[in-house]
Amino acid sequence: MDLTHFNQQGRAKMVDVSEKEITSRTAVARTKVMMHEETLIRIKQGKIGKGDVLAVSQIAAIMAAKKTSDWIPMCHPLPLTGIDVHFDDNGKDELYIEATVKTTGKTGVEMEALTAVSAAALTVYDMCKALQKDMIVGPTYLVSKTGGKNGDYRVDAEKEEA
């Protein structure tokens, strides 16, 4: 597959999507934040001094998805039609973050979903860093995408469990 982000001089360019078909597109991304058990307990109990960590992180994810093209240079600005963020945990030391992003357009929303979970995880870190500085973010990955000429994608179950 040829990469389309380079012009005839070999310099970066934003891909021209004007001739592409408008299709319904969805992308799901995930990440996790590893932390001490006490940190996760305090997040779940709402006992972090900066406020409701999950509520603020959810808003950060939505805002980041909407602004992805502002900080990923080759991303097209997209009219997003839906953004949903979910949190789960292992009951011990891992907080899981998943974002589903939707649009109807000429290009996909994978970067918006990845940006959403990244912003949510970084917000968790920011809000809890006074309590714990050695939290670990990641891995961050695309779970699935639908729509577009390249068709649907779903991460292999083996990779997802790693």
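**Figure 1. Thr-68, a buried residue in helix H3.** In this predicted model, Thr-68 is found in helix H3. With a relative accessibility of 0%, Thr-68 counts as buried. Its side chain reaches back to the backbone oxygen of Ala-65, at 3.1 Å. If you skip residues up to four places away in sequence, Thr-68 touches Cys-75, Met-111, Glu-112 and Thr-115.

**Figure 2. Helix H2 and its buried face.** Helix H2 takes in residues 53-66, 14 residues in total. From first C-alpha to last it reaches 20 Å, close to the 20 Å expected at 1.5 Å a residue. Its buried residues are Val-53, Ser-57, Ala-60, Ala-61, Ala-64 and Ala-65. Look down the axis of H2 and these buried residues fall within an arc of 125 degrees, so they line one face of the helix. Met-63 and Lys-66, on the other side of H2, are exposed.

**Figure 3. What surrounds H2, and how the helix starts.** Which elements do the buried residues of H2 pack against? The helices are H1 (37-45), H3 (68-71) and H4 (110-128), and the strands are S2 (80-89) and S3 (94-105). Now move to the start of H2: here a side-chain oxygen of Asp-52 reaches to within 3.2 Å of the backbone nitrogen of Leu-54.

**Figure 4. Thr-39 and its partner Gln-132.** Thr-39 sits in helix H1, and at 2% relative accessibility it counts as buried. The side chains of Thr-39 and Gln-132 make a polar contact at 2.7 Å. Leaving out neighbours within four places in sequence, Thr-39 is in contact with Cys-128, Leu-131 and Gln-132.

Figure 5. Side chains of opposite charge can pair when their charged atoms come close. Take Glu-98 and Arg-30, whose side chains meet in a salt bridge of 2.3 Å, N to O. Glu-98 lies in strand S3 and Arg-30 in strand S1 (residues 23-34), so the pair ties together parts that are 68 residues apart in sequence. Glu-98 is partly exposed, with a relative accessible area of 22%, and Arg-30 is partly exposed too, at 24%. There is also a salt bridge between Glu-94 and Lys-32, with the closest N and O atoms 3.3 Å apart. This pair links distant parts of the chain, with Glu-94 in strand S3 and Lys-32 in strand S1, 62 residues apart. Are Glu-94 and Lys-32 buried or exposed? Both are buried.

Figure 6. Asp-70 and Lys-67 meet through their side chains in a salt bridge of 3.7 Å, N to O. Asp-70 is exposed, with a relative accessible area of 56%, whereas Lys-67 counts as partly exposed at 48%. A search of the whole structure turns up six salt bridges.

**Figure 7. The whole chain, for orientation.** Stepping back, the protein has five helices and six strands, which follow the pattern β-α-α-α-β-β-α-β-β-β-α along the sequence. Its C-alpha trace spans about 55 × 30 × 30 Å along the principal axes. Of its 162 residues, 36% count as buried. Among contacts with a separation of 6 or more, 69% come from residues 24 or more positions apart. The accessible surface comes to about 9800 Å², and 53% of that belongs to carbon and sulfur atoms.

Key
Residues are numbered from 1 along each chain as its sequence is written. This is a predicted model: local features need pLDDT of at least 70, side-chain atom pairs count only at pLDDT 80 or more; totals for chains, interfaces and linings use all residues. Side-chain values use heavy atoms; hydrogens and water are left out. Helices (H or I, at least four residues) and strands (E, at least two) are DSSP runs, numbered from the N terminus. The expected span of a helix is 1.5 Å times one less than its number of residues. Buried means under 20% relative accessible area, exposed over 50%, partly exposed in between (1.4 Å probe, protein chains only). The arc is that of the directions from the helix axis to the C-beta atoms. Contact means heavy atoms within 4.5 Å. A polar contact is a pair of N or O atoms within 3.5 Å; within protein, one must be able to donate a hydrogen and the other to accept it, and residues adjacent in sequence count only if both atoms are side-chain atoms. Accessible areas come from the Shrake-Rupley method with a 1.4 Å probe; for residues, only the protein chains shown count as cover. A salt bridge is a side-chain nitrogen of Lys or Arg within 4 Å of a carboxyl oxygen of Asp or Glu.
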